[in-house]
Amino acid sequence: MYKLYYDSGAASMAPHAVLREIGAPHELVRVDTDKGEHRGAAYTRLNPNARVPTLDHDGMIMYESAAICLYLSERHPDAKLMPAVGAPRRGHFLQWLTFLTNTVQEASMQWFYPDYYADDAAAQQAVKKHAEAKHDRQWRQIDAALGRDGPYLLGGEFSAADIYLAMCVRWTRNMATPAMTYANVKRCADLVKARPAYRRMLAFEGIEQP
Ligand SMILES: N[C@@H](CCC(=O)N[C@@H](CS)C(=O)NCC(=O)O)C(=O)O
């Protein structure tokens with residue numbers, strides 16, 4: 001049994017949608033970050049980073065959204081959410097998932113949490129501006145790749161990396177240039193948003209994705 005600690009619209013969106021894609025029985029436990037529940041002793045025993053998500057798989061506790069997506073996709077190969085070991089597309093799957101989590105997601109963190117990076121208000125504004133500039137370069141790069149070889153990150157093959165992309169796209173909706181501005185990114189995100197699993201994830205979390 002999987003237990004996913006999530007918050008609405010947080011980095012738990014992708015593991016949550018992956019759980020629904022694979023159709024495995026799971027329990028969802030809300031951690032309300034607005035109320036600071038992620039900083040409480042009970043939760044930080046599970047995740048010392050005080051961040052959401054965390055997965056509890058029969059007592060095996062792990063954090064990091066991309067790692068959870070990988071773990072679940074590997075355990076359920078029938079869901080075909082990642083290329084098998086040795087498959088030609090495997091390298092690009094790992095590349096895109098890693099790029100999304102450690103580069104694109106990191107720029108989003110700078111935009112959402114500028115106070116983690118600078119103390120005074122002016123410096124925080126500068127952090128946000130830099131984050132938007134970084135995002136523009138990153139989404140242009142992804143858009144070009146999707147234009148050459150789409151509609152998914154692995155060409156014609158849907159994968160958990162596309163779910164991760166759709167999550168990252170949602171986070172940009174109030175930025176100066178939302179990622180949906182880019183036609184090939186939009187095409188990919190729209191395909192993910194049309195999937196029943198992703199729609200159910202959004203509905204359960206009580207959120208929308210333009
Ligand atoms: N690298 C982590 C980042 C998780 C993360 O930053 N989650 C945010 C929500 S999107 C969070 O818990 N924020 C609460 C806080 O920083 O106070 C992952 O992908 O799991």
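**Notebook: loops, rings and core**

I started at Lys 80, which I found in the loop between α3 and α4. Helices here are DSSP runs of H or I with at least four residues, and strands are runs of E with at least two, numbered from the N terminus. I am working with a predicted model, where local features need pLDDT of at least 70, side-chain atom pairs count only at pLDDT 80 or more, and totals for chains, interfaces and linings use all residues. Residues are numbered from 1 along each chain as its sequence is written, and side-chain values use heavy atoms, with hydrogens and water left out.

**Backbone entries**

I looked up phi for Lys 80: it is positive, about 55°, although the residue is not a glycine. Lys 80 counts as exposed because its relative accessibility is 64%. The cut-offs are under 20% relative accessible area for buried, over 50% for exposed, and partly exposed in between (1.4 Å probe, protein chains only).

Glu 64 is another non-glycine with positive phi, about 85°. I placed Glu 64 in the loop between β4 (60-63) and α3. Its relative accessible area is 46%, so Glu 64 is partly exposed.

Next I checked for cis peptide bonds. The bond from Val 52 to Pro 53 is cis, with omega near 20°. Pro 53 lies in the loop between α2 (41-46) and β3 (54-57). The bond from Gly 150 to Pro 151 is also cis, with omega near 5°. I found Pro 151 in the loop between α5 and α6.

**Aromatic entries**

How many aromatic pairs does a search of the whole structure find? It finds 6. One of them is Trp 96 with Phe 99, edge-to-face, at 6.0 Å centre to centre and 75° between the planes. The rule pairs rings of Phe, Tyr and Trp (its six-membered ring) if their centres lie within 6.5 Å; planes under 30 degrees apart count as stacked, over 60 as edge-to-face and the rest as tilted.

Both Trp 96 and Phe 99 lie in helix α4 (residues 90-112), 3 residues apart, about one turn of the helix. Trp 96 is buried because its relative accessibility is 8%. Phe 99 has 15%, so it is buried.

I also noted Trp 111 and Phe 112, an edge-to-face pair at 5.1 Å centre to centre with 85° between the planes. Are Trp 111 and Phe 112 buried or partly exposed? Trp 111 is buried at 12%, whereas Phe 112 is partly exposed at 35%.

Then I looked for charges over rings (NZ of Lys or CZ of Arg within 6 Å of the ring centre and within 35 degrees of the ring normal). The charged end of Arg 195 sits over the ring of Phe 158, 3.6 Å from its centre. Arg 51 lies over the face of Tyr 113, 5.9 Å from the ring centre.

**Core entries**

Which residues touch the most other members of the largest nonpolar core? Of its 55 residues, I listed Trp 139, Ile 142, Tyr 164, Leu 165 and Tyr 198. Such a core is a set of buried Ala, Val, Leu, Ile, Met, Phe, Trp, Tyr and Cys residues joined through side-chain atoms within 4.5 Å. Elements that each supply at least two residues of this core include β1 (2-6), α1 (13-22), α7 (183-193) and α8 (196-205). The largest share, 10 residues, comes from α6.
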